[in-house]
Amino acid sequence: MSDTRRRVKVYTLNEDRQWDDRGTGHVSSTFVERLKGISLLVRAESDGSLLLESKISPNTAYQKQQDTLIVWSEAENYDLALSFQEKAGCDEIWEKICQVQGKDPALEITQDPIDESEEERLEELPETSHLVELPHCELSRLEEMADLVTSVLSSPIRREKLALALMSEGYIKKLLGLFQVCEDLDNREGLHHLYEIVRGVLFLNKAALFEVMFSDDCIMDVVGCLEYDPALVQPKRHREFLTKTAKFKEVIPITDSELRQKIHQTYRVQYIQDIILPTPSVFEENFLSTLTSFIFFNKVEIVSMLQEDEKFLTEVFAQLTDEATEASKRRELVNFFKEFCAFSQTLQPQNRDAFFKTLANLGILPALEIVMGMDDLQVRAAATDIFSYLVEFSPSMVREFVMQEPQQTDDDVLLINVVIKQMICDSDPELGGAVQLMGLLRTLIDPENMLAPINKTEKTEFLSFFYKYCMHVLTAPLLANTAHDKDSKGEATGADNFQTAQLLALILELLTFCVEHHTYHIKTYIMNKDLLRRVLLLMNSKHTFLALCALRFMRRIIGLKDEYYNRYIIKGNLFEPVINALLDNGTRYNLLNSAVIELFEFIKVEDVKSLIAHIVDNFYKALESIEYVQTFKGLKGRYEQEKDRQSQRLNSVLRDMYRRDARSMDEDEEMWFNDDEDDEEGESVEKNRTEDDFSDSYGKYMEAKKGRGGLKTNMWFCYQTGLVGLVDYPDDEDEDEEDEEEEQSPRKRPRLGS
């Protein structure tokens, strides 16, 4: 459908009383057989899918706002809105709604929900009661007007009637004229009444009244009336703030007068809602819903108008990236983009996509790379906020830009390294900025949001890039603070300073995330840098939270149940610092104690045999005195059970081998026995030999083979003398395989550890 008059955006109000954009399409009103009535249909302009199908109910209250909005509720806590591109289209649909409900299209609302008691009272009133008689607009009758406005707020019908009366008689501008008179005369009583009147009119929640009250001619007088709260001894000075303190800064001159007016209006209305008006009570929270909608749709319009002005955005980016731009000017430009991105959150998804793609094409990421490296804290903070909007919108877009940066460039100026360095160098004692940046980094390296298009694997390419060019920057503080095992006090160096400890905890949190979500890359890095050993030095830190972070890092590694990691831990004896921390903690029942116990409990429950054997063989004497939990006794029990199983398995293997060899021999053995029998007796070899005879003959055969250099070791002798270990460690597998290859034995040996 090409008729722009019927082009609309569909919105729904969420639980946080914010409007969610459901898409853009074209609206029509037609009879729907399934719903048995005239209905509003909105079909998406992209694919023709049905965005909205809503029957025009005779009892539903439809409200027309700002000439291009129609708002209604279909069920409890489910509000809908249609935002029209053109006023003419809104008028056409509004007339159709009023026609179905039998209402006058001149009304701004078709009806309000009323309870039964209200309905009964209305039936008892005379027919002329639909008219609200307003007091004459004069100083002597301000109190009467204030009482009238206050009294109607509890009744939806009376609120509607009062709003119609105020609009039809141009009463608002007359009241604001009286405000100027009262202020000139310093008539405090009259000013207090005007406060009650204006506040009550705002609570009528009518868009038509807002259009008048927030116009350029009236809005500052409205703010003035709201300064004179009777509960205050002295009036507030909101107008002084809006006109003198709050300055409208144009980073680039805005030539569109309508856009300038819309920006001023939105800022002032937002100020009224957030600063001037008191927080509404539970009973008043819905009174200002239309005001919230007014601000929301204003922001949508501002972003759309700015985005359509290509010359404006091009000029902004040109100045932002120009090295000759003054620092103060660049600060204003960055702050403008921060607000611009914040406003863009009101756009519908497809328009928001176009918005950020426009910024990307204009060079927002190279610009951020420059400003995030500046010394100005305000500029860096604003740039971080912009970067967070971009990462939230499209992590892939940021990753693609980073990987396209020239490789000949110094690693230090890569965008991600700039972000990491800003995190590391955060001067805030609480590291608020570092925490925010750490969250952004985690989003960028999260494989869950990495795409895998045809002929290109984003995960593999980006992670390879990250570990090659960025990981050393991230781990630099950790490696620097664990360069020496311990200081004179026996504590890991660098762990004393609280801010440094916090930073190391953040880095460990990110590395723990890598262990969970990256496999090959982080494993290779840990092994090459002997990273776990360095991390476990922090178990000696006086800051318990840092020791817990180090322990959590090891716990995640062990949780993978990867024998590659297990061999690394065993070879490096890396349980020693953990067990020392447990013993140093003594009998204190705290989080560190519980975390260490849980680590060993996991190993026991999951029956990680190689680690159990290592722990029992090397540390059980130090741990056997801990009896308040059964974890370590359980580990010992697992160890003994495994020994018994291995012993039983060994005996079974020996029996099976003996019986099998007694029944069948390979060709080499048979030829030897045949030769032996021919020489001694000249008779044919018996096909079935008894088990007793086999032992003597096999021994002769083995001696003969040894004489010919055929065997390096006597496997039979090894079995008989019990030289085979009871526990099959993974480290021994390679040696076993080598021995098997060299020892061309009569038959393949059974694996004892399997």
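Reader: What should the 18 residues of helix 13 span at 1.5 Å a residue, and how far apart are its end C-alpha atoms?

Author: This is a predicted model. In it, the 18 residues of helix 13 should span 26 Å, and the end C-alpha atoms are 26 Å apart, which agrees.

Reader: Which residues of helix 13 are buried?

Author: Arg330, Leu333, Val334, Phe336, Phe337, Phe340, Cys341 and Ser344. Viewed down the axis of helix 13, these buried residues fall within an arc of 155°, so they line one face of the helix.

Reader: What covers them?

Author: The cover includes helix 11 (289-308), helix 12 (310-321), helix 14, helix 15 (364-371) and helix 16 (377-393).

Reader: Take helix 14. At what angle does its axis cross that of helix 13?

Author: Roughly 160°, and the two axes come within 10 Å. Helix 13 covers residues 327-344 and helix 14 covers residues 349-362. An angle over 145 degrees counts as roughly antiparallel, and helix 13 and helix 14 are therefore roughly antiparallel to each other.

Reader: Which residues meet there?

Author: From helix 13, Phe337, Phe340, Cys341 and Ser344; from helix 14, Arg352, Phe355, Phe356 and Leu359. By class, that contact has six nonpolar residues, one polar and one charged.

Reader: And helix 15, how many of its residues are buried?

Author: Six of its eight, so helix 15 is mostly covered. The buried ones are Ile364, Leu365, Ala367, Leu368, Glu369 and Val371.

Reader: What do those pack against?

Author: Helix 12, helix 13, helix 14, helix 16, helix 17 (395-404) and helix 18 (415-424).

Reader: Which of its residues are buried?

Author: Tyr171, Ile172, Leu175, Leu176, Leu178, Phe179 and Cys182. They cover an arc of only 155° around the axis, which puts them on the same side of helix 5.

Reader: What does the face turned away from that side carry?

Author: The exposed residues Lys173 and Asp184.

Reader: And which helices cover the buried residues of helix 5?

Author: They include helix 3 (142-152), helix 4 (156-168), helix 6 (188-203), helix 7 (207-213), helix 8 (219-225) and helix 9 (238-245).

Reader: What follows helix 5?

Author: Asp186, with a positive phi near 55°. For background, most residues other than glycine have a negative phi.

Reader: Where is Asn573, and what is its phi?

Author: Asn573 lies in the loop between helix 26 (563-571) and helix 27 (576-585). Its phi is positive, about 50°, although Asn573 is not a glycine. At 27% relative accessibility, Asn573 counts as partly exposed.

Reader: Where is Asp607, and what about its phi?

Author: Asp607 sits in the loop between helix 28 (591-605) and helix 29 (609-623). Its phi is near 55°, a positive value in a residue other than glycine.

Reader: What does Gly25 contact, leaving aside neighbours within four places in sequence?

Author: Arg6, Arg7, Val8, Val42, Arg43, Ala44, Glu45 and Leu51. Take Ala44: 19 residues separate Gly25 and Ala44 along the chain, and their C-alpha atoms are separated by 4.0 Å.

Reader: Gln502: buried or exposed?

Author: Buried, with a relative accessible area of 16%; the cut-off for buried is under 20%. Gln502 is found in helix 22 (residues 498-517). Neighbours within four places in sequence aside, Gln502 is in contact with Pro429, Glu430, Leu431 and Phe545.

Reader: Now the whole protein. How many helices and strands?

Author: The secondary structure comes to 34 helices and seven strands.

Reader: What share of the residues counts as buried?

Author: Of the 754 residues of the protein, 45%.

Reader: And what share of the contacts with a separation of 6 or more comes from residues 24 or more positions apart?

Author: Such residues account for 66% of those contacts.

Key. Residues numbered from 1 in each chain as written. Predicted model: local features only at pLDDT ≥ 70, side-chain atom pairs only at ≥ 80, totals over all residues. Heavy atoms only, no water. Buried < 20%, exposed > 50% of the residue type's maximum accessible area, 1.4 Å probe, protein only. Helix = DSSP H or I, 4+ residues; strand = E, 2+ residues; numbered from the N terminus. Arc of directions from axis to C-beta. Contact = heavy atoms within 4.5 Å. Axes fitted to C-alpha atoms, helices over the stretch in contact; angles between N-to-C directions. Parallel < 35°, antiparallel > 145°, perpendicular 65-115°, else oblique. Nonpolar A, V, L, I, M, F, W, Y, C, P; charged D, E, K, R; others polar. Expected span 1.5 Å × (residues − 1).
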